[in-house]
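Opening my notebook on this one. I want to look up which charged side chains pair up, and then check the surface.

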Amino acid sequence: MKKILPFFTIIVIIAIIVIIFLSMSNSKQMVVLKEGNTTQTPLDIVLGKYQDSDCGMIIDNLDYVSQVVAPDGKTWFFHDHGGMANWLKDKAFKDEAKIWVRTIDTKKYIDGRTAWYSQTDITPMRYGFGAYENKQDGFITFEEMSLKMLRGETMANPVYKKELLGK
């Protein structure tokens, strides 16, 4: 009995840990991908329920969200436009994908390829790219934003941040 007791105790502790993890995973049910968006329109994001497809963080603010819809209707969600550009870079459907970005100035979803991007906003991942419907001085196109993101020319890069802010 003395030899079985430590073994039995370990089994009980492992079982308790497994039960705790399983109950936690069932309660969250995070959304990373939605299928069936054949109309390729922006979908409603429920804060705290959706997860960024690039970095995995929970989307808890709509200011810098974007969505990528593949031709087959699969939709991915992002809480920072820089992360969306990073995620999209090596996808086979990147040129055919519909990109929706929520704008800071008009608070609505617009085509991400026609949006204007600031470079110094304080975004969730600190890349600095805020989407705007109306052009302002210093704003760049989608192509420029994507290229700068892939080159590391973002506010997350201390050298580039200093250059952007003129300090």
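Before I start, I need a rule: a salt bridge is a side-chain nitrogen of Lys or Arg within 4 Å of a carboxyl oxygen of Asp or Glu. I also keep in mind that this is a predicted model.

Entry 1: I looked up Glu153 and found a salt bridge with Arg151, where the closest N and O atoms are 3.9 Å apart. Glu153 also meets Lys148 in a salt bridge, at 3.6 Å from N to O. I then checked how open each residue is. Arg151 is exposed, with 56% relative accessible area. Glu153 is partly exposed at 22%, so the shared partners put Lys148, Arg151 and Glu153 into one network. Lys148 counts as buried, because its relative accessibility is 18% and the cut-off for buried is under 20%.

**Entry 2: another pair.** How many salt bridges does the structure hold? I get five. One of them joins Lys108 and Glu133, with 3.6 Å between the closest N and O atoms. Lys108 sits in the loop between strands S4 and S5, and Glu133 in the loop between strand S7 and helix H3, so this pair ties together parts that are 25 residues apart in sequence. Lys108 is partly exposed at 41%, and Glu133 is partly exposed at 28%.

**Entry 3: a nonpolar patch.** Next I went to the surface. Ile4, Leu5, Phe8, Val12, Ile16 and Ile20 make a nonpolar patch of about 560 Å². I picked out Ile4, which has its place in helix H1, residues 4-28. Is Ile4 buried or exposed? I noted it as exposed, because its relative accessible area is 54% and exposed means over 50%.

Terms used
Residues numbered from 1 in each chain as written. Predicted model: local features only at pLDDT ≥ 70, side-chain atom pairs only at ≥ 80, totals over all residues. Heavy atoms only, no water. Patch = residues over 30% accessible without salt bridge, like charges linked within 9 Å, V, L, I, M, F, W, Y side chains within 5 Å. Areas by Shrake-Rupley, 256 points an atom, 1.4 Å probe, with all protein chains shown as cover. Helix = DSSP H or I, 4+ residues; strand = E, 2+ residues; numbered from the N terminus. Buried < 20%, exposed > 50% of the residue type's maximum accessible area, 1.4 Å probe, protein only.
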